[in-house]
Structures are given as C-alpha cells and as structure tokens.
Amino acid sequence: MKPLKLNNKEIKNYTKPYIIAEIGANHNGDMELAKEMIDAAVKCGVDAVKFQSWTNKSLIAQAEYDRNQTYNDSAKKHFGSLQEMVDKYYLRKEQHYILKEYCSEKGIEFCSTPFSEEEVDLLDEIEVPFYKVASMDINNYRLLKYIAKKMKPIILSTGMSTLAEIELAVQAIESTGNKEISILHCISIYPPAAKDIHLNNILTLQKIFPSYPIGFSDHTIGISVPLAAVALGAAIIEKHFTTDKDLPGWDHEVSADPSEMELIVKESGVISDALGSFQRIVSDAEESKKDKFRRSAVLTRDMKKGEIISAEDLTFKRPGTHISPDQEQHIVGRTLKIDMKQDELLDWCHFL
C-alpha cells in the first residue's frame with residue numbers, strides 16, 4: 001500500500017487513525033455555535049472538522065420539497081417543512097471562508113463534503129486538504145470524476161452500496177488519474193442496530209482494495225463501535241460531533257459529545273500502539289522477565305555423588321536462571337558429580 005497523505009500525515013491501515021469530527025449541519029445555521037464546536041473538537045485532539053456543502057437548490061428537487069412538507073417523528077430533530085429546515089441549515093458561501101479561516105487560526109483542518117460541482121469548486125478555492133464523498137453519491141460518476149480531477153485526496157463513504165458499486169466508484173475516480181483514495185465502511189442508518197454494522201467489512205475492503213487505506217464512517221451512539229473499528233485496522237474514523245446531544249437538529253442525537261470524542265481520540269492511540277506488528281516479537285522488557293518467571297531444574301530429594309538422576313528425581317521451579325524444562329531429556333540418566341540437596345538448582349557442572 002502506498003500511504004495516503006493528508007497534510008503530511010500518513011494514512012495507513014493498522015496505525016493511529018486520522019480522526020474527523022463530522023459537524024455536518026450540527027451548527028444549525030449558527031456560526032457562533034459552529035465555532036464553539038470547532039473549539040471543542042480542537043480540545044478533543046481530532047485531526048479535522050468536517051462540514052457539508054450544499055444549498056437549498058443543489059441537493060433536493062422542488063418536487064421533493066413539495067412531497068415532504070412536514071415531519072412528525074421528533075419535535076427536537078425536525079421543525080416545519082423540509083424546505084424550511086434546509087433553508088436554515090445550509091452553509092452559505094461566505095460562511096465557508098469564515099469557518100476555514102477560523103480553523104486555520106485554531107490549528108485544525110477544515111474539510112467538507114460537496115454535493116454539486118459548484119461546491120467542489122468552492123472547496124477548491126478555499127484549499128481544503130481533501131474531498132469527502134457522501135455515501136449517496138457512490139454512483140454519481142459525473143460528480144466523482146469532477147472531484148477527482150481536482151487531484152486532491154478523496155475519502156469515499158460506502159453506505160447503501162454493494163461491493164460492485166464500490167469498485168465502479170473507485171474505477172471512476174482512477175480513470176481521471178487520481179489514485180489518492182481512502183474507502184470508508186459505512187452504514188447509512190442513524191443509528192444502526194449492532195447486528196447491521198458488520199465491522200468485518202473493514203477486513204473485506206482491505207482485501208479487495210489493498211492499495212487504499214480503509215476507514216470507518218460511524219453513525220452509532222457511543223464509542224464502542226468506532227474503537228472496535230480501530231482494532232480492525234481502520235485508517236480513518238469519521239464520527240458525528242456536537243457540543244450537546246440535546247440541541248435541536250438532525251444529527252445531534254447520534255453524535256459524539258466532547259467527552260466521548262476525547263475518549264475516541266485517546267483510546268484510538270492506545271489501541272493502535274497495542275496492535276503493533278504482525279511479526280512475533282519478544283520485547284527487551286519481556287525478555288528480562290524470563291529469569292524471574294520461567295523455571296529451572298531442581299531435585300525432588302537429597303541425592304549423593306554418583307547417583308543417577310531419573311525423571312522422578314526432577315521437577316522445575318522458579319527462577320529461570322539455570323537448566324530450563326525443555327532440557328529435561330539431557331538431564332535424565334546423568335550422574336551427579338557432587339552431593340545435592342532437594343530443591344537445589346541444578347547446573348551442567350553438577351554432572352559427570
């Protein structure tokens with residue numbers, strides 16, 4: 001695998017993951033709230049904050065607005081009509097520049113998901129380090145190729161898609177000459193049931209796409225599943241983020257709050273360090289324990305010079321500083337050169 005580079009950080013499987021706090025539309029159209037979330041994400045230690053770049057015209061057809069006038073599933077999650085919510089929540093062009101500059105001041109990467117060619121150009125203008133592609137656009141080859149021609153890294157989410165659709169999307173990107181790709185396993189349910197997550201798909205994607213780092217875009221509640229993804233070698237973790245799960249809006253309920261995100265960042269580092277190498281390695285620290293914890297040959301009874309040692313005369317006890325148990329066959333049948341006491345450590349110089 002050729003490592004993907006995001007702002008000079010190498011993105012590889014089975015290393016400390018690149019962690020993206022997905023603010024999305026959780027700013028609720030309020031730039032002060034957006035800045036609060038950026039500040040909180042910085043404190044958590046994530047690598048990037050991500051927004052979504054769409055308008056009231058670029059994502060949803062008027063016919064859909066007309067069909068979906070109201071929602072009644074959650075007063076906290078929805079208000080008014082679909083069009084009213086989109087009008088309130090979409091990120092205006094000038095707000096992109098404001099948030100990009102604010103992220104630069106705070107030392108964190110600003111990135112976003114574009115939903116049209118115009119938004120791809122906007123993100124290119126403000127020099128995002130990479131493009132994130134939403135799961136819904138895995139078969140939108142026109143948009144995929146338009147993004148790919150910017151020749152920046154692409155992070156591709158794969159919710160709702162078959163392996164064949166993922167492969168075709170990757171081929172569409174590669175056809176432009178852009179091979180800076182990371183693929184994220186994703187389940188497009190908010191939140192998904194545990195039985196529907198299938199984290200082992202991370203391993204499947206690693207095998208099918210060995211040239212590209214594989215990550216996980218998470219919509220679960222809590223921290224268990226993203227950390228499990230890190231243990232499977234996920235190179236990127238994307239997790240919805242909010243400062244308060246009780247805020248009104250689409251995704252706050254399924255987002256990580258600062259205490260959860262901080263744990264994801266911290267424990268991801270612990271897990272990636274603990275994964276270590278696929279080679280069997282005995283560290284110097286562990287090697288030094290052998291003398292203390294392993295066993296050495298001792299006698300089960302007092303014996304005299306000239307006696308022949310039988311298997312029944314031997315047992316093995318700590319410390320491991322003398323003849324080890326795997327040398328038993330070379331002790332049995334030997335003749336003692338001196339008198340020995342029970343439990344006395346045997347050494348090769350004790351035999352004729």
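Is Trp348 buried or partly exposed? Select it and see: Trp348 is partly exposed, because its relative accessible area is 38%. Keep in mind as you click around that this is a predicted model.

Stop 1: Phe351 is buried, with a relative accessible area of 4%.

**Stop 2: the sheet.** Switch to cartoon view and look for eight strands forming an open sheet with parallel pairing. Strands in a sheet pair through backbone hydrogen bonds, in a parallel or antiparallel way. Trace the order here: S5-S4-S3-S10-S9-S8-S7-S6. At the edges you'll find S5 (109–114) and S6 (131–133), each with a single partner strand, so one side of each has no neighbour in the sheet. Going from one strand to the next, the twist averages 25 degrees.

Now pick out S3 (residues 18–24) and S10 (residues 236–240), which pair in the parallel sense over five bridges. Zoom in on Ala21: it stands opposite Lys239 in S10.

**Stop 3: two helices on the sheet.** Select residues 117–125 to get helix H5, which lies across S4 (48–53), S5 and S6 and runs at about 170 degrees to S5. Then try residues 224–231, helix H9: this one lies across S9 (214–218) and S10, at about 180 degrees to S9.

**Stop 4: a stacked pair.** Show Phe51 and Phe110. Their ring centres are 5.5 Å apart and their planes are at 25 degrees, so the pair counts as stacked. For a cluster, select Trp54, Phe79, Tyr89 and Trp250 together.

**Stop 5: the core.** Phe51 shows up again here. The largest nonpolar core has 61 residues, and Ile38, Val46, Val49, Phe51, Ile183 and Met261 touch the most other members. Helix H1 (residues 31–44) gives the largest share, eight residues. Click on Ile183 and look around for its contacts, including Leu156, Ile166, Val170, Phe209 and Tyr212.

Technical notes
Residues numbered from 1 in each chain as written. Predicted model: local features only at pLDDT ≥ 70, side-chain atom pairs only at ≥ 80, totals over all residues. Heavy atoms only, no water. Core = buried A, V, L, I, M, F, W, Y, C linked by side-chain atoms within 4.5 Å. Buried < 20%, exposed > 50% of the residue type's maximum accessible area, 1.4 Å probe, protein only. Helix = DSSP H or I, 4+ residues; strand = E, 2+ residues; numbered from the N terminus. Contact = heavy atoms within 4.5 Å. Pairing = 2+ DSSP bridges. Axes fitted to C-alpha atoms, helices over the stretch in contact; angles between N-to-C directions. Phe/Tyr/Trp six-rings, centres within 6.5 Å; stacked < 30°, edge-to-face > 60°. Lists of a residue's contacts leave out its neighbours within four places in sequence.
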